[in-house]
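Please look at the charged side chains in the model below and at how they pair. The paragraphs that follow go through several of these pairs in turn.

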Amino acid sequence: MSGDFPTRYVRAANITPSGLNLDDLLQMNFTPAEREVFGLQVGDVLLTEASGSASQVGRAAVWRGEVEPCCYQNTVIRFRPHLVTPEFALLVFRYMAIAGVFAGAARGVGIQHLGASRFAELAIPVPPLAEQKRIVEVADRRLGEIREAERHLRSALGHLEEQVREILAAAAAGELGDSQAGVHPTDTGAIAAPPLGQTSLFGDEDATPDLDVFGPDLPPDWRWLRVDRAGEVTLGRQRSPQHERGQHMRPYLRVANVYENRIDTSDVLLMNFEPAEAAIYELKEGDILLNEGQSPELVGRPAIYRGEVPGACFQNTLIRFRASKEVHPEYALIVFRHYMHSGVFRRIARWSTNIAHLGLERFRALPFPVPPLEEQSAIVAEAHSRLETNRQQASAVIASLGRLPEMEQELFAAAVSGELTPQDPNDEPAAALKARLGSPVQSIAAEPRNGPQGSAMPKRKPRPSQQAEPTPDLTAVLRENGGTLALPDLFALAGYSRDLPEHVELFYLALRAGIGTSLRVTGDESLENAQVGLADAA
């Protein structure tokens with residue numbers, strides 16, 4: 001940014017679905033005359049002009065004078081209300097965005113542009129001014145009720161997620177069996193999460209876990225075993241180019257397939273496993289697979305294999321636990337889910353960047369609580385019953401959350417169609433309001449500024465009326481205009497029109513044909529602020 005008049009400005013990134021986010025306002029030079037044109041006033045409604053998704057074009061927010069002075073960039077459309085209040089205009093624009101009106105008007109290849117001229121031609125309802133205020137008042141109240149309902153539902157969902165952790169902890173502590181039916185899950189002590197100040201469950205030797213962090217002694221008839229004594233532990237086969245083809249291709253599971261308590265079979269890959277390798281890595285029903293590498297909060301995420309992909313093997317991004325005769329596989333899954341939720345797996349993991357690795361030897365050395373088999377079955381039955389009740393409640397909450405956007409759309413539709421509040425015959429009609437206020441005062445003709453460099457967009461050259469098609473010779477246009485232009489400027493000066501979808505496509509075809517030969521692009525060619533120059537000027 002350079003110049004004598006540094007000014008903060010709003011760009012599309014500052015307009016979020018929940019309103020304006022002004023934490024990262026940028027600056028560029030706006031002269032006093034330019035501030036008169038591009039300056040924001042209290043009550044202006046700002047809309048995003050472009051987005052990679054048509055459904056996101058036209059996000060809107062009202063400017064309340066949060067920063068003075070402040071202008072806006074060419075990625076934003078400014079609507080200055082005249083016959084409507086800013087709040088009613090915002091309701092209308094939010095409805096038009098949700099209902100797909102803006103998406104239908106947008107044009108472009110890759111980046112969808114609403115376009116100020118197309119936006120200006122869209123029709124909006126204009127009720128009497130008094131009715132607009134009543135509509136906004138009712139809509140704001142009901143939107144507040146929807147937001148409050150959302151808050152309560154998300155809080156309920158959080159409580160249900162916490163309840164899952166409590167059920168798993170109680171199961172692993174021996175508090176879900178018949179003799180412990182009256183114990184509340186929050187009373188769990190054994191096998192609790194390690195103290196927050198402790199970074200590892202191990203001392204200096206990785207193979208020597210500290211059992212003290214797991215709490216008090218186990219219930220009677222229970223005992224501690226290392227994980228590798230409670231079952232067979234194996235790391236999957238490493239993927240390499242040499243295994244991508246062969247005579248013994250098999251499906252295999254990887255981290256992308258293993259979610260908590262669920263195997264996702266929507267994207268199963270193939271790899272060659274020789275018969276001797278298949279004997280080692282083929283999965284059997286009841287095997288538990290755990291994510292060896294994951295984000296820290298999800299490392300060790302376990303699921304039980306139930307034969308979903310017959311003949312499947314597994315990759316070395318997974319660890320397989322095959323329960324011994326002393327351990328019920330479903331009980332082992334409960335313990336491992338508890339270890340994930342309580343942070344045990346996170347504590348033994350080793351991190352690289354944002355990926356945590358469980359570690360085969362560290363996992364093998366973990367303590368594993370083993371009750372009698374009969375009690376394991378009782379624990380599994382009780383845990384499954386409670387978890388299923390929890391799942392049904394969570395499903396109902398999620399379904400209610402999913403209904404809220406539809407309720408918002410119905411509310412906006414009612415607001416703009418006159419169905420939200422009754423009409424009052426004493427209200428000044430909109431036609432009389434228009435006659436009294438006249439037409440809105442037009443700003444000086446100019447386009448919003450192009451970017452943080454502070455250079456104004458050049459005026460477009462007038463196109464001859466007989467010119468039916470734009471010029472595909474972008475090199476000539478660049479030579480005539482200094483050798484380098486912003487992408488929107490090149491688009492305009494070459495005679496292309498944003499209002500014609502075919503022109504957008506033709507422009508990008510011409511651009512791509514020249515890249516690497518006569519043209520060069522600085523930045524992403526799909527972005528509004530990319531710079532296009534002559535290749536021989538590099």
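In this predicted model, D427 and R134 form a salt bridge, with their closest N and O atoms 2.8 Å apart. D427 lies in the loop between α11 (373-417) and α12 (430-437), while R134 belongs to helix α5 (residues 129-172), so the pair ties together parts that are 293 residues apart in sequence. D427 is buried, because its relative accessible area of 11% falls under the 20% cut-off. R134 counts as partly exposed, at 25% relative accessibility.

A second pair is made by E326 and R223, whose closest N and O atoms are 1.9 Å apart in a salt bridge. Here E326 sits in the loop between β21 (318-323) and α8 (329-342), and R223 is in strand β11 (residues 223-226), so this contact ties together parts that are 103 residues apart in sequence. Both residues are partly exposed: E326 has a relative accessible area of 35%, and R223 has one of 39%.

Strand β21 also takes part in a further pair, since R322 lies in that strand. The side chain of R322 meets that of D287 in a salt bridge, at 2.8 Å from N to O. D287 is in the loop between α7 (275-281) and β17 (288-291), so the two residues tie together parts that are 35 residues apart in sequence. D287 is buried, with a relative accessible area of 2%.

Salt bridges can also join into a group: R94, R147 and E408 are linked in a network of them. Over the whole structure, a search finds 24 salt bridges.

Terms used. Residues are numbered from 1 along each chain as its sequence is written. This is a predicted model: local features need pLDDT of at least 70, side-chain atom pairs count only at pLDDT 80 or more; totals for chains, interfaces and linings use all residues. Side-chain values use heavy atoms; hydrogens and water are left out. A salt bridge is a side-chain nitrogen of Lys or Arg within 4 Å of a carboxyl oxygen of Asp or Glu. Helices (H or I, at least four residues) and strands (E, at least two) are DSSP runs, numbered from the N terminus. Buried means under 20% relative accessible area, exposed over 50%, partly exposed in between (1.4 Å probe, protein chains only).
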